[in-house]
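We will walk through it together, from the overall picture down to single residues.

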Amino acid sequence: MAIPSGSGTEVLYRTTINAQATDITAFRWDRTNATTGTDTYTVPANHIITVLTVYICNTEATARTVKFWVNDGTNVIRMLFDQSIGEKETFVMNDRIVLVAGDALLLEASGGNIDAHCSFIDQDWS
């Protein structure tokens, strides 16, 4: 991770995961949406990501559970484990999460059709 030198950018963005089922999917940080089932997206070098809010919506008529965690390349740090989301309900996570280069933020659902929207600040020191 680079030490900020006084030059860089700090921009508010969003990323999404659409129609998540039983796969594990990582959020992307390059302003494009994640491909469901791809778990290899990580924070790029010389970036600090501050996650502001994550909305997780169950669009099915059946309750589902979700898991939500960070993988720092060595450790799995769980934030939600089998969080129940009722039929056609939304779970909102408003706690800030700071991610650095190499970290992955991942989502897994117990089935169905789960959508996730993540707003974040990208500090780019590259």
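What follows is a guided tour of this model.

First, a word on the ground rules: this is a predicted model, in which local features need pLDDT of at least 70 and side-chain atom pairs count only at pLDDT 80 or more, while totals for chains, interfaces and linings use all residues. Residues are numbered from 1 along each chain as its sequence is written, and side-chain values use heavy atoms, with hydrogens and water left out.

Let us begin with the overall build. The protein has 9 strands and 0 helices, where strands (E, at least two residues) and helices (H or I, at least four) are DSSP runs numbered from the N terminus. Read from the N terminus on, the elements are therefore β-β-β-β-β-β-β-β-β. Along the principal axes, the C-alpha atoms fill a box of roughly 50 × 30 × 25 Å.

How much of the protein is buried? Buried residues make up 37% of the 126, where buried means under 20% relative accessible area, exposed means over 50%, and partly exposed lies in between (1.4 Å probe, protein chains only). The accessible surface comes to about 6,400 Å², and 47% of it belongs to carbon and sulfur atoms; such areas come from the Shrake-Rupley method with a 1.4 Å probe, and for residues only the protein chains shown count as cover. Among the contacts (heavy atoms within 4.5 Å) with a separation of 6 or more, 74% are between residues 24 or more positions apart.

Now for a pair of residues that touch. Arginine 64 is found in strand 4, which covers residues 64-71, and this arginine is buried, with a relative accessible area of 18%. Setting aside neighbours within four places in sequence, its contacts include Asn58, Gln83, Ile114 and Gly112. Arginine 64 and glutamine 83 are 19 residues apart in sequence, and their C-alpha atoms are 8.2 Å apart. Glycine 112 lies in the loop between strand 8 (104-109) and strand 9 (114-124) and is partly exposed at 28%. Besides Arg64, Glycine 112 touches Gln20, Ala21 and Glu60, not counting residues up to four places away in sequence. Threonine 62 is 50 residues from glycine 112 in sequence, yet 7.8 Å from it in space, C-alpha to C-alpha.

Alanine 19, in strand 1 (residues 9-20), has a phi near 60°, a positive value in a residue other than glycine. Arginine 31 is not a glycine either, and has a positive phi of about 70°; this arginine lies in the loop between strand 2 (24-26) and strand 3 (47-58). Alanine 19 is partly exposed at 37%, and arginine 31 is partly exposed at 48%.

Finally, the cysteines. A search of the whole structure finds 0 disulfides, a disulfide being a pair of cysteine sulfur atoms within 2.5 Å. Cysteine 118 counts as buried, at 0% relative accessibility, whereas cysteine 57 counts as partly exposed, at 24%.
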